[in-house]
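Thanks for asking me to look this one over.

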Amino acid sequence: ANVTTAKITDNAITLAKMASGTDGNIISYDTSGNPVAVATGSSGQVLTSAGAGAVPSFQASAVGGKILQVVQGTDTNFRTTTSGSYASLSLNASITPASSSNKILVIVAAAFGIDGSGNAFFDIQKSTDGGSNYSSLGGGDGFGERINNDGFAPGALMTLNGAGTTNAINYKIFGKQSGGVTAKLGAGGYSVIMLLEVSA
């Protein structure tokens, strides 16, 4: 006679009659109809096909290199400095990383210039203490230099920086000059800094 749900009494189905296993198991059946755990995964893994007729397997999720968040800062003012050491040019943005092992891709797009015949230098610097102290990401002379360019030229500064913290990080543009000239940023009154968090 056919087995119907009306004929199954309470507590008739027990764990002994069902597939044994733990959380994360994928269950199949052998040729005799007995349940068999064919793949076992752990938290965060994904199930991957091995092709038709083959047993699937759990693999680590491919998360490296993904963009997790994007922050943009803009400045609509024309900025200058005559300082011989790095001085703030105001353009900045802050980001709070999801993980200290992630990286921050910093991109600056602006018009860089100089007034006179000499050298102008531009640098990306970071602060992790709320803006009290900044450290250079570009070395002694920073990322960009404009020599004998009495005017402006469009340009970009870029770097991939290890976060190293899950606290807020502020990235800011600094400038300096040599030769008694003026370093200039932002012709046209619009400069942009973008921060992209890249997963490890």
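1. Strands here are DSSP runs of E with at least two residues, helices are H or I runs of at least four residues, and both are numbered from the N terminus. Phe-122 counts as buried because its relative accessibility is 0%; buried means under 20% relative accessible area, exposed means over 50%, and partly exposed is in between, with a 1.4 Å probe and protein chains only. Its C-alpha is 8.9 Å from that of Gln-177, although 55 residues separate Phe-122 and Gln-177 in sequence.

2. A word on the source before going further. This is a predicted model, in which local features need pLDDT of at least 70 and side-chain atom pairs count only at pLDDT 80 or more, while totals for chains, interfaces and linings use all residues. Residues are numbered from 1 along each chain as its sequence is written, and side-chain values use heavy atoms, with hydrogens and water left out.

3. What does the chain look like overall? The protein chain has zero helices and 15 strands. Of its 200 residues, 32% count as buried. Among contacts with a separation of 6 or more, 72% are between residues 24 or more positions apart; contact means heavy atoms within 4.5 Å. The accessible surface of the protein chain is about 11,100 Å², and carbon and sulfur atoms contribute 50% of that. Those areas come from the Shrake-Rupley method with a 1.4 Å probe, and for residues only the protein chains shown count as cover.

4. Please look at strand 15 (residues 191–198) next, where seven of the eight residues are buried. Strand 5 (residues 67–75) runs antiparallel to strand 15 and is joined to it by eight bridges; two strands pair if DSSP finds at least two bridges between them. In this pairing, Thr-74 has Val-192 of strand 15 as its bridge partner. Strand 15 also pairs with strand 8 (residues 103–115), again in the antiparallel sense, over seven bridges. Ile-104 stands opposite Glu-197 of strand 15, and Val-108 has Ile-193 of strand 15 as its bridge partner.

5. Strand 8 deserves a point to itself. With strand 12 (residues 151–162) it forms an antiparallel pairing over 12 bridges, and Asn-161 of strand 12 is the bridge partner of Ile-104. Strand 8 is also joined to strand 14 (residues 182–185) by three bridges, and these two run antiparallel. Asp-115 has Thr-182 of strand 14 as its bridge partner.

6. How many salt bridges are there? The count comes to two, where a salt bridge is a side-chain nitrogen of Lys or Arg within 4 Å of a carboxyl oxygen of Asp or Glu. One joins Asp-75 to Arg-79, with the closest N and O atoms 2.7 Å apart. Asp-75 is buried because its relative accessibility is 7%, whereas Arg-79, at 24%, is partly exposed.

7. Another salt bridge brings together the side chains of Lys-176 and Asp-141, at 3.6 Å from N to O. This pair links distant parts of the chain, 35 residues apart: Lys-176 is in strand 13 (residues 169–178), and Asp-141 is in the loop between strand 10 (135–136) and strand 11 (144–147). Lys-176 counts as buried because its relative accessibility is 13%, while Asp-141 is partly exposed at 45%.

8. Which rings does the charged end of Lys-176 sit over? One is the ring of Tyr-86, with the charged end 4.8 Å from the ring centre. Another is the ring of Phe-121, at 5.4 Å from the centre. A charge sits over a ring if NZ of Lys or CZ of Arg is within 6 Å of the ring centre and within 35 degrees of the ring normal.

9. Finally, I would draw your eye to Ser-90, which is not a glycine and yet has a positive phi of about 75°. Most residues other than glycine have a negative phi. Ser-90 is in strand 7 (residues 87–95) and, at 29% relative accessibility, counts as partly exposed.
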